[in-house]
Amino acid sequence: MGLSVKILNDYKAVSQFAADFIFNVIREKPTALIALATGNSPQLTYASLVNKVIHGKPDVSQITFIGLDEWVGIPSSDSGSCHHFLFHHLFEPLRISQKRIHLFDALSDDLQRECIDMDNLISEKNGIDLMVVGIGMNGHIGFNEPGVDWNLHSHVVNLDTITKTVGQKYFDKVTNLTQGITLGMQHILNARYVLLLANGLAKSEIIKQTLEGEVTNAVPATILRLHTHAMAVLDVDAASKLTAKKM
Ligand code: F6R
């Protein structure tokens, strides 16, 4: 029970560890359902995974991939969209079949339907085997923002101010970010494994709160401490404010 912690030297080591972990899940369960975050934290993990899959040749044809979240109103053609990120960094290099990929359609005029369809898919697959997630500067996971209801599954959310500001880093030009669509904390709690990736000094304070502060929906990532098989994979910088440092 709880959130185990792995501290590694640098971003590269974090990424290699995470890629190995994902690779092993794929090998052990070739029909696994894997949920993926986007963003800077997992980018090198996905590059390492592509490399490992190309060389190790596990059967990825039966793996189902789902997206953790998406910016509402942003088209998939926008290079800042989660959709674009996952295709560019993972699905295209691995030639994953379209029918094995399920992402929220953030342009849908029925976002509730998107949520229901995603929740149904996850139920049909008997739950998520592995979630690869990052952590926001405000402690969000996916777009489960501070104050989130922990009982939610997929849902649409008004984005936190910090998310709207920090999120600009993914876009070529200033972009109006208002809402997100995301898997919920119930998906995270019920996933078989969760890998939380964080690197860099900028994440050190929120990592400290996540691992050593009170478990509270004010810092959504703290819910991982109630998980049975969650692991925070950190570089030394992200771990630098922790009182108890475990390598
Ligand atoms: C993105 C997502 C977000 C990010 C988080 C950290 O799909 O779910 O919760 O994981 O904002 O982003 P980076 O890794 O860019 O610092």
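Which residues of helix α7 (residues 204-212) are buried? In this predicted model, they are Ser204, Ile206, Ile207, Thr210 and Leu211. These five sit on the same side of α7, because they cover an arc of only 160° around the axis.

**A strand covered on both faces**

Let's follow β10 next. Six of its six residues are buried. On one side we find Ala230, Ala232 and Leu234, and on the other Met231, Val233 and Asp235. Strand β10 also has partners: β1 pairs with β10 in the parallel sense over six bridges, and β9 pairs with β10, also in the parallel sense, over five bridges. You can pick out single partners in the 3D view. Ile7 has Leu234 of β10 as its bridge partner, while Leu197 stands opposite Val233 in β10.

Now look at an open sheet of three strands, in the order β4-β8-β7, with antiparallel pairing. Its edge strands, β4 (69-71) and β7 (155-158), each pair on one side only. From one strand to the next, the twist averages 25°. Four bridges join β7 to β8 (residues 179-182) in the antiparallel sense; within this pair, Val157 has Gly180 of β8 as its bridge partner. Helix α4 (residues 111-124) lies across β7 and β8, and runs at about 130° to β7.

In soluble globular proteins, nonpolar side chains tend to be buried together. Here the largest nonpolar core has 42 residues, and the members that touch the most others are Ile66, Ile128, Met131, Leu183, Ile207 and Leu234. Several elements each supply at least two residues of this core, among them β1, β2 (33-36), β6 (130-133) and α6 (185-190). Helix α4 gives the most, with five residues. A second, separate core of 34 residues includes Ala32, Ile63, Leu197 and Val233.

Leaving aside neighbours within four places in sequence, Ile66 is in contact with residues including Leu33, Leu36, His102, Met118, Ile128 and Leu183.

**Cysteines and a loop residue**

How many disulfides does a search of the whole structure find? The number is zero. A disulfide is a covalent bond between the sulfur atoms of two cysteines. The sulfur of Cys82 is 14 Å from the closest cysteine sulfur, in Cys115, so the gap is too far for a bond. Cys115, in turn, is in no disulfide, and its nearest cysteine sulfur is that of Cys82.

| Residue | Relative accessibility | Class |
|---|---|---|
| Cys82 | 4% | buried |
| Cys115 | 2% | buried |
| Leu226 | 38% | partly exposed |

Leu226 has its place in the loop between α7 and β10. Leu226 and Val215 are eleven residues apart in sequence, and their C-alpha atoms are 8.6 Å apart in space.

Notes:
Residues are numbered from 1 along each chain as its sequence is written. This is a predicted model: local features need pLDDT of at least 70, side-chain atom pairs count only at pLDDT 80 or more; totals for chains, interfaces and linings use all residues. Side-chain values use heavy atoms; hydrogens and water are left out. Two strands pair if DSSP finds at least two bridges between them. Axes are lines fitted to C-alpha atoms, for helices over the stretch in contact, and angles run from 0 to 180 degrees between N-to-C directions. Contact means heavy atoms within 4.5 Å. Buried means under 20% relative accessible area, exposed over 50%, partly exposed in between (1.4 Å probe, protein chains only). The arc is that of the directions from the helix axis to the C-beta atoms. A disulfide is a pair of cysteine sulfur atoms within 2.5 Å. A nonpolar core is a set of buried Ala, Val, Leu, Ile, Met, Phe, Trp, Tyr and Cys residues joined through side-chain atoms within 4.5 Å.
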